[in-house]
Amino acid sequence: MSDLLRGRPRHAERVIMGVLVAAASVSIATTIGIMASLLVGTIAFLREVPIVEFLLGTQWTPLFDDAQYGVLPLVSGTLVITAIAVAVAIPLGLGSAIYLSEYASGTVRGILKPVLEVLAGIPTVVFGFFALQFVTTTLLRAAFPGIEVFNALSAGLVMGIMIMPMVASLGEDAMSAVPSGLRDGSYALGASRRQTVIRVVIPAAMSGIVAAFVLAISRAIGETMIVTVAAGLRPRMTLNPLEGMQTMTSYIAAAGSGDLSTGSVAYQSIFAVGFLLFAMTLLMNVAGIRLVRRTRRALP
Amino acid sequence: MVSMPEPVFLLDRLRVCYGDYQALQDVSMAIDDRRITAFIGPSGCGKSTLLRSFNRMNDLIPGARVAGSLTYRGTDIYGADVDPIEVRRRIGMVFQKPNVFGTSVYDNVTYGPRVNRMKVDLDDLVEECLVRAALWDEVKDNLRRNALALSGGQQQRLVIARCIAVRPDVILMDEPCASLDPIATTRIEDLMRTLAEDYTIVIVTHNMQQAARVSDRTAFFTVEVDDAGVRHGRLIEYGATRQMFSAPADPRTEDYISGRFG
Ligand SMILES: Nc1ncnc2c1ncn2[C@@H]1O[C@H](COP(=O)(O)OP(=O)(O)OP(=O)(O)O)[C@@H](O)[C@H]1O
Ligand SMILES: [Mg+2]
């Protein structure tokens, strides 16, 4: 009886648990720290600039004598480039994922997956110069003679290519995880491979695919180097992808590495823009988790 | 004098290999029309392999090859101009683990007719197939509910309903009761007996009583080890179930069905 009740103390397990809790605490503490510093800077900023002017203003000129802090040009720049990137990454990525998981033979998959992973490992600054020096000058100039040197289109296209491997890899994981019994069930009813992919495999892998899309969008919103190098640093309120624009991230990068005096409104604006960026990605992720839950309820 | 019906399948020295490995040695047999044929034998003797070659499910396994001949109602199943998709529509299959799709009961049953663009009234078909699969009374109140919410035995009957919805000619069943309790098993066996009036059924089972209860003919396979130490599946004995279970011709069959082997 007493053997059952009073176990030996398990020191090793306590230690392991302590280490794990500490590891988890570091990441939680970092997140809280980032949020707190963003919040403090943002509150200080909003004491100088009314929130309505910040959120709805269409001029972003922090360095002018008559400084304007309307964030919409940065938001529109971010959204235009994200939209272009996602329009490239999602179809190409999903297509590659379907090919890799359902059509490619073992050998082809064994070659292509590492290639995709190499593509995902290229530093983003390299992609940025590729966009500026090759995509704009060689490809886009031929198609659109009036295109500016710094433009949203080249940044968006190249960013899409950069994100595509991630969508492909996560999508392939999700589809490969679909039990082969479901595929067999579909084929045994006289379905073709295309029908099996569209009607059985993709719906069953939907939560993983949606997660891949959400991550792709978050990644595009947060990407900094490509836009800094290829899209220019002029905040402009435009939807024309042939023009240069500044995104929220490239503003933070440029202003943060400049020589703004701490405590100035322009300096605090970095935090406000950062906070807005954080809120947008958070919203994306919450929406993504919601979507995943909803599709999980409808599907296996 | 009763005229002998034409067999549904005729196998002549059928052999199946996975890559370099020959899983099944020359099988020659005939499968009767509108009868239940049972495949029994120890694990790894190639029962599933043989069953999957009947509807070309082996095509989906990389490296799987079939040699010899397998004719279905006079047509070579592996003929150059045969469409495997059409083969699978005529020759349905029920698997060991119930593999319902994560959609509604209704959508599960209508999946086959939809992908095959059958011109039928889907509502009528769903009712008819669920009634035949002895599942209608349990699900008729809510055909929209997710099939994964059904019990294992209900799921397996749904899979059978889904299978007969494409109006196949033959139903292949690979250990359909392996994951079911005795009550659900009895229901599936009763169902097989009624289905055998209209369909040719081939069933793989590890349950000797089940083979004895439901089947008309039984084929016993075993594993033989060749000189190089490689294991191959081989058909040992094939005959009327009653005969096989009362007076098997081969001692290996007798050992197996009396539980002295495998
Ligand atoms: N996809 C495959 N690739 C390679 N070898 C396989 C494959 N499927 C089966 N085999 C091999 O073929 C032989 C026969 O397998 P099979 O699954 O047909 O046996 P079985 O009689 O159905 O066994 P069980 O009763 O355990 O289901 C085994 O040696 C097995 O290892
Ligand atoms: Mg088997």
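Start at T49(B): an N or O atom in its side chain is 2.4 Å from an oxygen atom of ligand 1. Taken alone, ligand 1 exposes 630 Å², and the protein buries 65% of that. Keep in mind throughout that this is a predicted model.

**Stop 1: around ligand 1**

Stay with the ligand and select S48(B). A polar atom of the S48(B) side chain lies 2.6 Å from an oxygen atom of ligand 1.

Next, show the whole shell. How many residues surround ligand 1? There are 14, and the closest are S43(B), K47(B), S48(B), T49(B) and H206(B). Colour the shell by class.

Which element supplies the largest share of the shell? Select α1(B), which gives 4 residues. Helix α1 spans 47–54 of chain B. Strand β2, at 21–31 of chain B, also supplies at least two residues of the shell. Follow β2(B) to the next stop.

**Stop 2: the strands of chain B**

Select β1(B), residues 9–18. Strand β1(B) runs antiparallel to β2(B), and 7 bridges join the two. For one such pair, pick L14(B) and its bridge partner in β2(B), V27(B).

Now look at the turn of this hairpin. There are 2 residues between the strands, and G19(B) takes a positive phi near 60°.

Highlight F9(B), then Y72(B), its bridge partner in β4(B).

**Stop 3: L70(B)**

Stay on strand β4 of chain B and select L70(B). Is L70(B) buried or exposed? L70(B) counts as buried, because its relative accessibility is 0% and the cut-off for buried is under 20%.

Show its contacts beyond four places in sequence. Among them are F9(B), L10(B), L11(B) and L14(B). The list also includes S53(B) and F54(B), as well as T75(B), D76(B), I77(B) and Y78(B). Draw a C-alpha to C-alpha line from L70(B) to F54(B). The line spans 7.7 Å, while the two residues are 16 apart in sequence.

**Stop 4**

Most residues other than glycine have a negative phi. The next two selections have a positive one.

Select R117(B), in the loop between α3 (105–115) and α4 (122–132) of chain B. Phi of R117(B) is about 50°, a positive value, although the residue is not a glycine. R117(B) is exposed, at 59% relative accessibility.

Move on to E175(B), in the loop between β7 (170–174) and α7 (182–195) of chain B. Phi of E175(B) is near 45°, again positive in a residue other than glycine. E175(B) is buried, with a relative accessible area of 15%.

**Stop 5: T249(A)**

Finish in chain A. Select helix α12, residues 248–257, and find T249(A) within it. T249(A) is buried, at 5% relative accessible area.

Which side chain makes a polar contact with the side chain of T249(A)? Select T247(A): the contact is at 2.9 Å. Then show what T249(A) touches beyond four places in sequence. You will find I221(A), G222(A), E223(A), T224(A), V227(A) and L277(A).

Notes. Residues numbered from 1 in each chain as written. Chains lettered and ligands numbered in written order. Predicted model: local features only at pLDDT ≥ 70, side-chain atom pairs only at ≥ 80, totals over all residues. Heavy atoms only, no water. Near = heavy atom within 4 Å. Polar contact = N/O pair within 3.5 Å; in protein donor to acceptor, adjacent residues only side chain to side chain. Areas by Shrake-Rupley, 256 points an atom, 1.4 Å probe, with all protein chains shown as cover. Pairing = 2+ DSSP bridges. Buried < 20%, exposed > 50% of the residue type's maximum accessible area, 1.4 Å probe, protein only. Contact = heavy atoms within 4.5 Å.
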